[in-house]
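Here are a few notes to read alongside the model. Have it open and follow along point by point.

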Amino acid sequence: MGYNLNMAKINLKSLNEEEIKEFIKSQGLPDYRGGQILHWIYEKKAESMDQITEFSKELRKKLSSIAYISNLNLLEKQTSKDNTEKFLFKLEDDESIESILIPDEERLTLCISSQAGCAMGCRFCLTGKIGFKRNLMAHEIVDQVIYVSRVIAKRKKNNILTNIVFMGMGEPLANLAEVVEALHRLIRFMGISRKRITLSTSGIAAKIAEFYEHAPKVNLAVSLNAADDETRNKLMPINRIYPIKMLLDECRKLDMPARDKITFEYVMVDGINDKPEDAKKLVRLLKGIPSKVNIIPFNKYHGTEFKKPSDEKIFAFQKILMDGNINAFIRKSKGQDILAACGQLKAGYKTNK
């Protein structure tokens, strides 16, 4: 982040709170103007300086000559037969990302991206086949929430976003500084409760404690997907660096708020990690960790080598976990017909087969 007054116009969204204050000071304006800018960008969701009607026309004109408020460029929006919506956005450097809006009874969840592409290479994930493009900046992460919130506000229904999940493109802990800044903006400036935000990681064990030290205490989800290293190595290359024991040891060390639980995500793949013995191993692994398990039946896509297990296998797996005193939920993936389900995002990029 940061800015240079000798460069082209300053993107106010690229500035953090302290930098906004510095910018305001550099223009000879009183401190409270900085708070007004933050209010209009994040609460009012202003798309341009002209919309900040709290400023005089003269002040808007002056600031517009040196600064602007960036906005994501929507390339395409698709709607699934189950009403899930996929937003394809173009960034200022022409990279692209996807966000998914998921309606579910009383909840309206937005799944957002933290990177363009992904370097983790999980074999069951289409996003991983794109490869890594770049990290998103904090404002590009938050802008997904701002843009979709504007869309919702224009509808006749009185819906608002109830939940935000960092489960889109990319590995959030590989973009730690920008993700932490984005979380602070979502909570402090947009008023979203930390309890309504979930961050999902593929398991960069070395970053988990650092994340909990610097970020608001949002919900943590860990993509586990196997109960032994041999199987997880095949599915998730990150396991060769941070094997299961190291990952779970870091989870056990966390000083979590009372009654909070870590969600362990388990993508079930037919013939790979769906055996009763896998479920029994998982019960033993998670002993002593305040946790719950989300069972996610594999979402197919063109060219994949994997298949979804039978319903009988999925229910049997869940029963073993429940009998082992682990709350286990089977998650029905939405938006599969528009490649909007978990592991299907590719944002228009060509994938490496």
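1. Start just past helix H1, where Gly28 has a positive phi of about 70 degrees. Helices here are DSSP runs of H or I with at least four residues, strands are E runs of at least two, and both are numbered from the N terminus. Keep in mind that this is a predicted model: local features need pLDDT of at least 70, side-chain atom pairs count only at pLDDT 80 or more, and totals for chains, interfaces and linings use all residues. Residues are numbered from 1 along each chain as its sequence is written, and side-chain values use heavy atoms, with hydrogens and water left out.

2. Now look at H1 itself (residues 17-26): Glu17, Glu19, Ile20, Phe23 and Ile24 are buried, meaning under 20% relative accessible area (1.4 Å probe, protein chains only). These residues sit on the same side of H1, because they cover an arc of only 160 degrees around the axis, taken from the directions from the helix axis to the C-beta atoms. Their cover includes helix H2 (32-43) and helix H5 (176-189), where contact means heavy atoms within 4.5 Å.

3. Next, some rings. Phe87 and Phe89 have ring centres 6.0 Å apart and planes at 10 degrees, so they are stacked. Rings of Phe, Tyr and Trp (its six-membered ring) pair if their centres lie within 6.5 Å; planes under 30 degrees apart are stacked, over 60 edge-to-face, and the rest tilted.

4. Phe89 and Tyr147 have ring centres 5.0 Å apart and planes at 70 degrees, so this pair is edge-to-face. Phe89 is in strand E4 (residues 85-90) and Tyr147 in helix H4 (residues 138-153), so the pair ties together parts 58 residues apart in sequence.

Conventions
Buried means under 20% relative accessible area, exposed over 50%, partly exposed in between (1.4 Å probe, protein chains only).
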